[in-house]
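Let's take a friendly walk through the inside of a protein model. Please have a look at the picture first, and then read on.

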Amino acid sequence: MYNSQPVTRNPQPENMSQAKIAIIMGSDSDLPIMRQAADVLKELELDFDLTIISAHRTPERMFEFAKKAHKKGVKVIIAGAGGAAHLPGMVASLSPLPVIGVPIKSSNSIDGWDSILSILQMPNGVPVATVALNAAKNAGILAAQILGAGNKTIQNRLVVYKRQMAEGVAVKYEKLEAIGYEKYKKE
Ligand code: C2R
C-alpha cells in the first residue's frame with residue numbers, strides 16, 4: 001500500500017527498545033506470517049521489537065539497524081522477506097549477530113522458491129539460519145533457544161514447551177490407538 005507520509009512515521013531503528021530479539025520484515029504484507037514469531041515469543045514470555053525494514057526500499061534504514069543492533073543489546077535477529085529476499089542476507093553481512101531468515105511466499109513470489117533460495121544459499125562466511133517457508137513460528141522458537149543456551153530460565157521454558165507439545169501428540173495417538181483409524185477420521 002502506497003503511503004505518502006514521511007518515513008519518520010515508522011519507528012526508527014535508534015528508537016527501538018532494548019529487547020534481545022528483533023523481528024524485522026520487508027513489508028507490512030509479511031505481517032500475517034511474521035506475527036507468528038511474535039506470538040510464540042509472547043507465549044515464551046520474551047520481549048521483542050518488531051518493525052519493517054527493507055534492504056531494497058529502505059537501504060539506509062537497513063544499514064543503520066544492522067550496524068547498530070548488537071550495540072543496543074539485541075542478541076538475535078529474525079528477518080522475514082518474500083520474493084527477491086535480500087534483507088536477511090544483507091543484515092547478516094553487516095551484523096555480528098545470529099540472523100534467522102524466514103522465507104515468505106508473498107504476492108510476488110514464484111511458489112516461494114525465490115525467497116527460500118535467496119535466504120538459504122548464502123556464500124561461505126555469511127550464514128543465515130533459514131527456517132522453512134512461512135515458518136516464522138519456528139524462527140521465534142529458534143531465537144528463544146539461542147538465548148536459552150545462555151539463560152537457564154529461558155531454557156526451562158523451552159523444556160516445558162517441548163513437554164506440552166509431546167503431551168498434545170500423546171492425546172492424539174492414545175485416542176487413535178483406542179478407537180482405530182476409521183473412527184478417528186470421522187470424529
Ligand atoms: P509488498 O507487498 O510491499 O509489495 O512486498 C517483502 O518482504 C514482501 O514479501 C512484497 C514482498 O517484497 C519483499 N521485500 C523484500 C525486501 N524488501 C521487501 N524481499 C528486501 O529488502 O529483501
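## Helix H4 and its cover

A residue counts as buried if 20 or more other C-beta atoms lie within 10 Å of its own, as exposed if 12 or fewer do, and as partly exposed in between, with C-beta atoms placed from the backbone. Helices (H or I, at least four residues) and strands (E, at least two) are DSSP runs, numbered from the N terminus. This is a predicted model, where local features need pLDDT of at least 70, side-chain atom pairs count only at pLDDT 80 or more, and totals for chains, interfaces and linings use all residues. Residues are numbered from 1 along each chain as its sequence is written.

In helix H4 (residues 113–120), the buried residues are Ser-115, Ile-116, Ser-118 and Ile-119. Their cover includes strands E3 (76–82), E4 (99–104) and E5 (129–130), together with helix H3 (87–94).

## The largest nonpolar core

A nonpolar core is a set of buried Ala, Val, Leu, Ile, Met, Phe, Trp, Tyr and Cys residues joined through C-beta atoms within 7 Å. Here the largest one has 44 residues, and Ile-77, Ile-78 and Val-102 have the most contacts inside it. Among the elements that give two or more residues to this core are strand E1 (21–25), helix H2 (59–68) and H4. H5 provides the largest share, six residues.

## A look at Ala-37

Which helix holds Ala-37? Ala-37 sits in H1 (residues 31–43). Ala-37 is buried because 29 other C-beta atoms lie within 10 Å. Ile-23 is 14 residues away in sequence, yet the C-alpha atoms of Ile-23 and Ala-37 are 7.9 Å apart.

Key: Two residues are in contact if their C-beta atoms, placed from the backbone, lie within 7 Å.
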